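Student: Could you walk me through one part of this structure up close? I would like to look at the ligand and its surroundings, and at one residue in a loop.

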Amino acid sequence: MRVIDFRSDTVTRPSQPMRQAMAFAEVGDDVYGEDPTVRALEERIAARLGHEAALFVPSGTQANQIAIGLHCRPGDEVVLDGGSHTYCVEGGGLAALWGVQARSVPSIRGVFTPEAVSGALSPESLATARSRLVVIENTHTRGGGRVWPLETYSAVVKRARESGLGIHLDGARLFNAEVATGVPVSAYGKLADTVSVAFSKGLGAPVGSALCSSSERIHEARRLRKRLGGGMRQAGILAAAGLFALDHHIPRLAEDHLHARKLAAGLAELPGITVDLTQVETNIVFAFFERGAAELVAVMRKHGVLASPEGSHPDLVRLVTHLDVSAADVDETLTRLRSALSG
Ligand SMILES: *Cc1c(COP(=O)(O)O)cnc(C)c1O
């Protein structure tokens, strides 16, 4: 039985042509700044995001953490939503690496308002932490792949700037937002001081993210990357996959979004499963199961379908579509689950 894996869009394997591009990449020692393929990727992704410069890093977590290190000093406070990747699943990096504390703001599926930012600011006093940075995640993973509407995003950025805060955009899946809405990634990117984007999620590369910002900040980011052990040598082998993904894998994200909608509609028909179809904006589907997430994940696994329990609710299961899930796989998934759950 073919296993169909919806746990995450990180499970994709590099295709033959992507491997070909990696195998023949021109390389040099990137810690010396001598890898032409890494440089090419950094220049391209920076331009795409509306920034001067970029830094290729091993992971999105490292990109976000370098951004925190650039913006904050120990004792500072970061404003973000309590379900954000930076807060929830980066190993406590805010506290452990930078001595920074988090102020979480109320959000609706990861999207918050300018008023929420104002409400989170500490009054200027010797007793309070300095509010330094707002982190915005677009699309929002725990929000079910929710896209930040550009107007809300712009309003939050404006309010943050008026209050003297920096803005970091965690755009691990920002290209999904672009493809879903037609708003170019640069429209979001250029309003932020720092932006991280992933090549290893929907774009299908095996490794890598980029942090984009001004040349000056990226120079400093290079030092922080080194400090975190992220300086890589002939990294052009990996950057080549990122370049290949930029060339070939962006418009096709629309297929992932279509597959997510089909999957969601099919799941919603099955006994015991509830899906809010209006919330399926990109490549993530949240399904509620009346007998609990663990049970649905187990039934799926038994039938060769992999999904993840979504930790934020005991009945919630997360399914993510990606490059290695075809339209036929979605149909096959629904066929298998129909017979498993209707029996
Ligand atoms: C996956 C993800 C990251 C981290 O990326 P890794 O490469 O897994 O470290 C950061 N932010 C968001 C929103 C993500 O979905």
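Predicted model: local features only at pLDDT ≥ 70, side-chain atom pairs only at ≥ 80, totals over all residues.

Tutor: Residues are numbered from 1 along each chain as its sequence is written, and side-chain values use heavy atoms, with hydrogens and water left out.

Take Asn 138. Asn 138 lies in the loop between strand 5 (130-137) and helix 7 (150-162). Helices (H or I, at least four residues) and strands (E, at least two) are DSSP runs, numbered from the N terminus. The side chain of Asn 138 reaches the backbone nitrogen of Trp 148 at 2.9 Å. Asn 138 is buried, at 0% relative accessible area. Buried means under 20%, exposed over 50%, partly exposed in between (1.4 Å probe, protein chains only).

Now the ligand. Among the residues around it are Asp 170 and Arg 173; for this list, one heavy atom must lie within 4 Å of the ligand. Helix 3 (residues 60-71) gives the most to this shell, with three residues. An oxygen atom of the ligand is 2.6 Å from a side-chain N or O atom of Thr 61. For Lys 201 the value is 2.8 Å, and for Arg 173 it is 3.0 Å. Taken alone, the ligand exposes 380 Å², and the protein buries 84% of that (Shrake-Rupley method, 1.4 Å probe).

Conventions: Polar contact = N/O pair within 3.5 Å; in protein donor to acceptor, adjacent residues only side chain to side chain.
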